[in-house]
Amino acid sequence: MDSAARWTARLEIIAPLTLFACSLWVFVFAPTETEQGFVQKIMYIHVPSVIVTYLAFFVTFAFGIAYLWKRLLVFDRIAKVSAEIGLIFCAMVLLSGAIWGRPTWGTYWVWDARLTTTLLLFLIFLGYFLLRLSVQDREKEARFASVLGIIGFLDIPIVHKSVEWWRTLHQPSTLFKVEEGVAKPAMPPELLYPLLASMFAMLLFYGYLLLLRWQMEENQDQLHEALAQEVN
Amino acid sequence: MPMNLEYVLISYGLWVLAFVIYIPWIKQKRKVFQQSLKTLKETQRQK
């Protein structure tokens, strides 16, 4: 068993257990927020999904640059796999946000800066996979996708800053607020700690998915190479 | 019963559902690729 397979096996147990423990903390021990009530529990799935989306697309961005620089397919493989996981998490962000919006804002969707830029991010990375599907040559696919992955990532600072740059219905930063030039937690510790724990659990889960999906991608590339040798 | 429970259940339910579908799908595809690769290598060795 290679080290990737060993870590996948370990994380397959650790990540779901950590997520389960966090859910217990959130639903059994964490207090209910006074303004929003029980529906605020969605925050513990929405915000960590945002963090994973940012990280996943950052990995795509970084390995896209690495591929363009070194032209090693292993970098493109990581970029592709991370983008796929990022796309799923981005869909979860949009869905959980819309569901949370209904009882709190009275609507599932508004063309608010944060929501619109997040939808744009989702569409860019959906395009990233359509681009990959439309190119037959593996090297060309990797080159084009790397460029789009880098461009797509540039939307993330806009998504993040949108609540400060424009007047939006979406609340400002969930984790920290700046008061008199000093960053302070934007919520009491009894709500903040389970949120931080959920973020950690979700990052572990991302690590598991990345390893699992990367092994599949590697096997697929090996199979294509072997088939190409067979034909030649 | 807590107010707006249905919204919380749908959010968490969708999240779980997404990965309950995604993870077995990936595992299945990985298994198919591994088996195909193994078969192909055995065929090449026999030649």
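**Basis of the description**

Helices (H or I, at least four residues) and strands (E, at least two) are DSSP runs, numbered from the N terminus. By this criterion, chain B has one helix and zero strands, whereas chain A has seven helices and two strands.

The structure is a predicted model, in which local features need pLDDT of at least 70 and side-chain atom pairs count only at pLDDT 80 or more, while totals for chains, interfaces and linings use all residues. Residues are numbered from 1 along each chain as its sequence is written, and chains are lettered from A and ligands numbered from 1 in the order in which they are written.

**Confidence**

The predictor's confidence in each residue is given as pLDDT, from 0 to 100. For chain A the average pLDDT is 92, and 100% of the residues score at least 70. Within chain A, confidence is highest in H2(A), at a mean of 97, and lowest in strand S1 (residues 176–179), at 74. Where pLDDT is low, the predicted coordinates should not be read in detail.

**Overall organisation**

The elements of chain A follow the order α-α-α-α-α-α-β-β-α from the N terminus. Along the principal axes, the C-alpha atoms of chain A fill a box of roughly 70 × 40 × 35 Å; the corresponding box for chain B is roughly 70 × 10 × 5 Å. A residue is termed buried if 20 or more other C-beta atoms lie within 10 Å of its own, exposed if 12 or fewer, and partly exposed in between, with C-beta atoms placed from the backbone. Buried residues account for 37% of the 232 residues in chain A and for 15% of the 47 residues of chain B.

Two residues are in contact if their C-beta atoms, placed from the backbone, lie within 7 Å. Among contacts in chain A between residues at least 6 apart in sequence, 77% join residues at least 24 apart.

Helix H1(A) comprises 27 residues (3–29). The expected span of a helix is 1.5 Å times one less than its number of residues, so H1(A) should span 39 Å, and the 37 Å between its end C-alpha atoms agrees. H1(A) bends by about 30° at A:Leu11, the bend being the angle between axes fitted to the seven residues ending there and the seven starting there. A:Leu11 is also buried, as are A:Thr8, A:Leu19, A:Cys22 and A:Val26 of this helix. Cover for the buried residues of H1(A) includes helix H2 (43–70) and helix H7 (189–231) of chain A.

A nonpolar core is a set of buried Ala, Val, Leu, Ile, Met, Phe, Trp, Tyr and Cys residues joined through C-beta atoms within 7 Å. The largest such core has 59 residues, of which A:Ile42, A:Ala56, A:Phe125 and A:Tyr206 touch the most other members. H1, H2, H3, H4, H5 and H7 of chain A, together with helix H1 (5–46) of chain B, each supply at least two residues of this core.

Leaving aside neighbours within four places in sequence, A:Ala56 is in contact with A:Ser82, A:Ala83, A:Ile85, A:Gly86, A:Phe89 and A:Tyr206. A:Gly86 itself lies in helix H3 (residues 73–105) of chain A. A:Gly86 counts as buried because 27 other C-beta atoms lie within 10 Å. Beyond four places in sequence, A:Gly86 touches A:Thr53, A:Ala56, A:Phe57, A:Thr60 and A:Phe125.

**Interface between the chains**

The contact takes 25 residues from chain A and 23 residues from chain B. On the chain B side, these divide into 15 nonpolar, five polar and three charged. Here Ala, Val, Leu, Ile, Met, Phe, Trp, Tyr, Cys and Pro count as nonpolar, Asp, Glu, Lys and Arg as charged, and the others, Gly among them, as polar.

**Positive phi angles**

Most residues other than glycine have a negative phi. A:Arg71, which is not a glycine, has a positive phi of about 60° and is found in the loop between H2 and H3 of chain A. A:Arg71 is partly exposed, with 13 other C-beta atoms within 10 Å.

B:Asn4, also not a glycine, has a positive phi of about 65° and is placed in the segment before H1 of chain B. B:Asn4 is buried, with 20 other C-beta atoms within 10 Å.
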